[in-house]
Amino acid sequence: MPKYDFILAGVGGQGTILASDILVEVGLKAGYDVKKSEVHGMSQRGGAVESHVRWGRKVYSPVVEQGRVDYLLGFEMLEGARWATYLNPRSKVYINTHKIYPPSVNIGQARYPEAKNIEQLLTGRAGFFEWVNATGKAMELGNQALAGVVVLGRLSRDLEVAVETWLEVIVDLVPAKFTELNKQAFAAGRELKEAFPA
Amino acid sequence: MEISEQFDTPVIIRTTTRLSHSRTVVAMDDDLRVVPSAEKLEFERNPVKYVMVPVNARRRHPVVEERIRKLAEYAETFPCNVIEPGDGEIGIVTSGVVYQYAREVFPSATFLRLGMIYPLPKRLILDFAKQVKEVVIIEELDPFFEEYFRTLGIEVIGKEVFPAEGEFSPYLIREMAAKAGLVDAPAPVEPVSLELPVRPPMLCPGCGHRGVFYALKRLNAVVHGDIGCYALGGSSPLGAMHTSGCMGASIGVVHGVDKVGVKDRTVAVIGDSTFFHSGIHPLINVLYNKGVSTVIIADNRITAMTGHQDNPGSGKTLLGEATERIDIEQLVRSLGAKKVAVVNPYELNQMLQTLKEFMASAEPSVIIARYPCVLNVKEKHPTPEVDPEACTNCGNCLKTGCPALTKTEEGVAIDTLLCNGCGFCAKVCAFKAIQVTAEKQ
């Protein structure tokens, strides 16, 4: 049984926690031992959110070890880049081409990094890197908060877990009136082509 | 529960932030579910045990000492204190979430895993020390185990390798253990040279606390804060908090600052839950002892920071049953506060005026800044529109510290995902460049 270490990073309000909850349940349904650890700020919106999810035969630590992540999913460009030290030459990285400026950038005290520099940083450390336009897809579906599930759809192509398992978990975890939209977001993620940031 | 009953003792289960923020599958023991007792319970009348006047306390002390001795004996065979066999070379002593990290770093070591850390099992520890060549203690923060082991004459590797400060992680343990020659060094992690601006937690878009701190910042007040989401009023760009220590300290500190004669315009800001928890006593101090401070109760009608638990102001018990809501205004008036106002913090002008008047007053005052937590009541309005012609990019709205506002070359933009539609940015815009959008019917 392989081990998978995931880090999901985004901004509070983007659906990072829901996406990691889905990833946990999918891992359990697929027969893995699973642990998860997340850190979010005191407020629930606008701050950095990180979630570590680990699948394995037997998982001890709830946090991923630096240099050992298998999949880095960045729901926001800067937040994805923040986890560069967790990458190794076998890591795969998917970063949503979506920017949310932090306050220091808004008030002119800091600069938001250039997309090409983020790409350079992550491609230099990981084995595979891809930009995904998850927020764009989510907005086509009418709700930006679906971006997380779009990214999971893309991720699901790399993992040997049946699509049905993912869909079952989505039905279990998402409020009933959003189930259909989330299924569509997941399907859109599976079809997602490589994107490039604006 | 079994330990508590068997030894007639309180049992404290100590958790840490990391553990509280982690999830995994756990086995439930059905036998442990609390079943309501069918028989009518009677209070055990035993004043020698329960009335702690000195004569009884003196009698009780030997009982407590004996209890500790019995618990230490129990700890020797307590199933959560275990030796996990390994190769006998390195013997790791640890507990809690650090055990999980250490297991990853030392897969073949012998472990002494301590589930109950007081009192410690002396014989088990001595036995463990004999089984391994080197005892390595990995514990976060203070050297609690280490000092006990040393009193038993056991040589250990501890805080000289694993630091007393900061949170541990598997990487940190591996790195430190490698430096001490205990494991192979991890692949070196190159530092990131690209500058990545931080994204600290901020008051949520739509948070009523923003109006309180924005007004206090405008008035250049010295703010004594408290424990809750509103501690974020201290972070940039609002930066309107100057002390925050423990629950209730805002009012105690503002009173002290007043009494020593500080002339700055000082206020206390305390949330509704924290006020119920430990703000009432210091407010009595202010009112009874002739203080003149202004106390702002940031009343969002829920315990927001820890995940929206009900409190005495919400009208529901923690079990969700309806109960009589405690009226904060009536409460503070009954304590003797005469200058009391209930203000909607989104009404900036009213907030500013009330603050100015109350802070300049020679009598103590209480402002109840009431707006329900928008995440709890799930209130959301349409995102306001920015008129790029009118926007001068002055940046005034950005001073509210709302994460939904972004500066672009064409003017301010509002992120529709994050925006809650509270319209506070429109209120602070001097150029009327931000217009609140009408609700869709």
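## Basis

Because the model is predicted, local features need pLDDT of at least 70 and side-chain atom pairs count only at pLDDT 80 or more, while totals for chains, interfaces and linings use all residues. Residues are numbered from 1 along each chain as its sequence is written, and chains are lettered from A and ligands numbered from 1 in the order in which they are written.

Helices (H or I, at least four residues) and strands (E, at least two) are DSSP runs, numbered from the N terminus.

## Strands of chain A

Strand S2(A), residues 33-39, pairs with strand S3(A), residues 48-56, through seven bridges in the antiparallel sense; two strands pair if DSSP finds at least two bridges between them. Within this pairing, A:Asp33 has A:Gly56 of S3(A) as its bridge partner.

Strand S5(A), residues 92-96, is mostly covered, with four of its five residues buried. A residue is buried if 20 or more other C-beta atoms lie within 10 Å of its own, exposed if 12 or fewer, and partly exposed in between, with C-beta atoms placed from the backbone. Four bridges join S5(A) to strand S4(A), residues 71-74, in the parallel sense, and A:Lys92 of S5(A) stands opposite A:Tyr71. S5(A) also runs parallel to strand S6(A), residues 128-132, with five bridges between them; here A:Val93 is bridged to A:Phe129 of S6(A).

## Contact between the chains

In S1(B), B:Thr24 stands opposite A:Lys35 and B:Ser22 stands opposite A:Ser37.

In total, 46 residues of chain B are in contact with 46 residues of chain A, where contact is defined as C-beta atoms, placed from the backbone, within 7 Å. On the side of chain B that touches chain A, the elements giving two or more residues are S1, helix H5 (96-105), helix H8 (170-179) and strand S13 (405-408) of chain B. H5(B) provides the largest share, four residues. By residue type, this side of chain B divides into 29 nonpolar, nine polar and eight charged residues. In this scheme Ala, Val, Leu, Ile, Met, Phe, Trp, Tyr, Cys and Pro count as nonpolar, Asp, Glu, Lys and Arg as charged, and the others, Gly among them, as polar.

The domain assignment of chain B gives domain 1 (1-10 + 46-77), domain 2 (81-179), domain 3 (209-377) and domain 4 (385-435); the bounds come from an automatic or database domain assignment. The C-alpha centres of domain 1 and domain 4 of chain B lie 63 Å apart.

Helix H4(B) covers residues 54-77, and its 24 residues should span 34 Å at 1.5 Å a residue. The expected span is 1.5 Å times one less than the number of residues. The end C-alpha atoms of H4(B) are 36 Å apart, which agrees. H4(B) has a kink of about 30° at B:Arg60, shortly before the proline B:Pro62; the bend at a residue is the angle between axes fitted to the seven residues ending there and the seven starting there. The number of buried residues among the 24 of H4(B) is one, so this helix lies largely in the open.

## B:Gly96

B:Gly96 lies in helix H5 of chain B. It counts as partly exposed because it has 19 C-beta neighbours inside 10 Å. Leaving aside neighbours within four places in sequence, B:Gly96 is in contact with B:Thr16 and B:Leu19. B:His281 is 185 residues from B:Gly96 along the chain, and their C-alpha atoms are separated by 36 Å.

## Backbone exceptions in chain B

Most residues other than glycine have a negative phi, and most peptide bonds are trans. The bond from B:Tyr118 to B:Pro119 is cis, with omega near -10°, and B:Pro119 is in the loop between strand S4 (110-114) and helix H6 (122-131) of chain B. B:Ser236 and B:Pro237 are also joined by a cis peptide bond, with omega about 0°; B:Pro237 lies in the loop between strand S7 (222-224) and helix H10 (249-259) of chain B.

B:Asn220, which is not a glycine, has a positive phi of about 55°. It is found in the loop between helix H9 (209-218) and S7 of chain B, and counts as exposed with 9 C-beta neighbours inside 10 Å. B:Asn393 has a positive phi near 60° and is placed in the loop between strand S12 (385-386) and S13 of chain B. With 14 C-beta neighbours inside 10 Å, B:Asn393 counts as partly exposed.

Notes. Contact = placed C-beta atoms within 7 Å.
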